[in-house]
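Here are some notes to read alongside the model, for anyone opening it for the first time. Keep the 3D view handy as you go.

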Amino acid sequence: MIDALINILGKKTALSKESLEKMRAACLKDRSRLMDTLVETKLVQENETLEALSLIYGIPFAATLTVETAKDGWTAKISRQFLKKCNMVPLVRDDEVTIALNDPSDLSFVDDIASLLKLEAYSLVLAPRSQIQSAINTLYDRSGESAQQLVDDMEDNGFTIIDDFERTADLLDDTSDAPVIRLVNHMISQAVKAGASDIHIEPFQDVLKVRYRIDGILYEMLTPPKGVQASLISRIKVMAKMNIAEKRVPQDGRAQVRIGDQEIDIRISTVPTSHGERLVMRLLNKSGYFLEFSEFGLSDENYRTIHKIIRQNNGIVLVTGPTGSGKTTTLYAALSEINSPDKNIITIEDPVEYNLKGIGQIQVNAKTGVTFAKGLRSIVRQDPDIVLIGEIRDLETAEIAIQSALTGHLVFSTLHTNDSAGAVTRLVDLGVEPYLISSSVNSVVAQRLVRVLCNDCKEGYRLDESHLKALNGPGEKFLGEYVYKPKGCPRCFNTGYSGRQAIFEIMIMDDTLKTLVLQTSDANQIKAAALRAGMVTLRRDGMIKVLKGITSIDEVLRVTQE
């Protein structure tokens, strides 16, 4: 059978005789798991192997599995872990039952599934491992308890404090009966599915509130019983290896969990309040997908400008904005676009939010003395072409960044300021000499995130003078334009919005601005000069998105201030 399999793979692929012999030897060495053995050789794709096995065993091959119409009532009879271990999933429908499997070399588990579900007849199909694992998670999540149901059960059945918790590697595999563990796991997994960036656990006198930040806005999701508070906070602190006995001082910690195939890094912060510890979890999907510039919704002019400034040979490019305005995503997109084998790119971050292929990333660690300034000094000795500094927080970091820029490196970094002109004022406040700013800073990009209107329910209307008064500027040219506002529907959870896009304000440090910076650090004067040079403000860029029907006037006003 192994010879037949290798012959079919030889006909289907352009593999050399040496490669085919290597696969044959691997299969003869371990006959018990042919599928895994062949994939591990990295000589053949999983789908190609499945197609070959399909011909040998006479079992149809399906590249994708449809689970929308499959029933989930059987999930109470078989554990999720068992199906994940054997890489099989039953797809039960009214007229048929199909068992999807990944490796047909051992069909004993199929008999076990048929026996547990009391199946008289069923069919088999071969499917990729990722499709099977995804189907398992979908079916069990659909049939499982919601976080609110867990809270209701706690209130109905009483609650017992359980002290000694241990975190599982995959939250979806945790079958612990401890209600607080199940509640924390559900909170995290549901927040990830909803695309939340933060989970807030807020104690008040009589109630405990759990809120998720989704698309930049906080939504109240749960109100667990007040008696759960201490155990809920303790459980999360144990996950983060924090001191659960110390409740009087602020603490910071970090945990890493896996939800299916997603690696989630959680930054955890607690502060004492008059009604107990307040806890916030920042969720970072390290295996998540980050955007490229072509997906930012950039105007043509801004795209051309950014394309140009990230390809300079030296100098500093600053990205400014408040916390949660997407600065890191913009910088990662920039690095991803200019990354190539002939460039040495090194970053120093706190924390490393996404793993970038081909780029050296250094994690700030205060305990071991790796600060932004010390790390940056070491980076400069690593012969980099491009350096990313997570944030310029102090004079020492700013000075090293400027020296790096002046000695032929391209430096990317972030600052917390309200607009692009404010970056100059901020650097002067840190103690940087104006002549150093003038000679090193190439451009400053201010940005905000605006929510995108839901396409299913947005309502159109024509702008009149009453709508334009709030813009605090000449808006006559927008009069009569057809734009949209949010309404709300089940698809967007009645918010009227779904997803976010960035708006930008790009200030190029031309000769006029550099001369002005030597004379003054007044942000208003610098901004006025930049506007005369043709800079498009955040609000104006936002209005372009309003006119395109992407967002609403209220949303642009919410995130901009002039």
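1. A word on naming before we start: helices (H or I, at least four residues) and strands (E, at least two) are DSSP runs, numbered from the N terminus. Counted that way, the protein chain has 21 helices and 18 strands. Bear in mind that this is a predicted model. Of the 562 residues in the protein chain, 48% are buried. As for contacts between residues at least 6 apart in sequence, 65% of them join residues at least 24 apart.

2. Let's begin with strand 1 (residues 88-92). Is strand 1 enclosed or open? It is largely enclosed by the rest of the structure, because 5 of its 5 residues are buried. Both faces are covered: on one side sit Met-88, Pro-90 and Val-92, on the other Val-89 and Leu-91, and all are buried. Its partner is strand 2 (residues 97-101), which runs antiparallel to strand 1 and is joined to it by 5 bridges. One example to look up is Met-88, whose bridge partner in strand 2 is Leu-101.

3. Next, a pair of helices. How do helix 9 (residues 179-193) and helix 10 (residues 229-239) cross? Their axes come within 10 Å and cross at roughly 70°. Angles from 65 to 115 degrees count as roughly perpendicular, so helix 9 is roughly perpendicular to helix 10. The crossing of helix 9 and helix 10 is right-handed. On the helix 9 side, the contact is made by Val-180, Ile-181, Leu-183, Val-184, Asn-185, Met-187 and Ile-188. Helix 10 brings Ser-231, Leu-232, Arg-235, Ile-236 and Met-239.

4. Now set that beside helix 13 (residues 372-380) and helix 14 (residues 395-406). Helix 13 and helix 14 pack with their axes 9 Å apart, at an angle of about 20°. Angles under 35 degrees count as roughly parallel, and helix 13 and helix 14 are therefore roughly parallel to each other. Their crossing is left-handed. From helix 13, the contact uses Phe-372, Ala-373, Leu-376, Arg-377 and Val-380. From helix 14, it uses Glu-396, Thr-397, Ile-400, Ala-401 and Ser-404.

5. Helix 14 also takes us to the sheet. It lies across strand 10 (315-320), strand 13 (386-389) and strand 14 (410-415), and runs at about 135° to strand 10. These strands belong to an open sheet of 7 strands, ordered 12-11-13-14-10-15-18, with mixed pairing. At the edges are strand 12 (360-363) and strand 18 (497-508), each of which pairs on one side only. From one strand to the next, the twist averages 20°.

6. Within that sheet, have a look at strand 15 (residues 441-453), where you'll find Ser-443. Strand 15 pairs with strand 18 in the antiparallel sense, over 10 bridges. Ala-446, for instance, has Glu-505 of strand 18 as its bridge partner. Is Ser-443 buried or exposed? Ser-443 counts as buried because its relative accessibility is 0%. Neighbours within four places in sequence aside, Ser-443 is in contact with Ile-309, Ile-316, Val-317, Leu-318, Met-507, Ile-508 and Met-509.

7. Helix 20 (residues 538-547) is mostly covered, with 7 of its 10 residues buried. The buried ones are Leu-538, Arg-539, Asp-541, Gly-542, Met-543, Lys-545 and Val-546. What covers them includes helix 11 (300-309), strand 15, strand 17 (482-485), strand 18 and helix 21 (553-559). After helix 20 comes Gly-549, which has a positive phi, near 80°.

8. Last, the cysteines. How many disulfides are there? The test is a pair of cysteine sulfur atoms within 2.5 Å, and by this rule the count comes to 0. Cys-489 is in no disulfide, and the nearest cysteine sulfur to it, that of Cys-457, is 3.7 Å away. Cys-492 is in no disulfide either; its nearest cysteine sulfur belongs to Cys-489, 3.7 Å away. Cys-489 counts as buried, at 12% relative accessibility. Cys-492 is buried too, with a relative accessible area of 2%.

Definitions and conventions:
Residues are numbered from 1 along each chain as its sequence is written. This is a predicted model: local features need pLDDT of at least 70, side-chain atom pairs count only at pLDDT 80 or more; totals for chains, interfaces and linings use all residues. Side-chain values use heavy atoms; hydrogens and water are left out. Buried means under 20% relative accessible area, exposed over 50%, partly exposed in between (1.4 Å probe, protein chains only). Two strands pair if DSSP finds at least two bridges between them. Contact means heavy atoms within 4.5 Å. Axes are lines fitted to C-alpha atoms, for helices over the stretch in contact, and angles run from 0 to 180 degrees between N-to-C directions. Angles under 35 degrees count as roughly parallel, over 145 as roughly antiparallel, 65 to 115 as roughly perpendicular and the rest as oblique. A crossing is left-handed if the near helix is turned anticlockwise from the far one by less than a right angle, and right-handed if clockwise.
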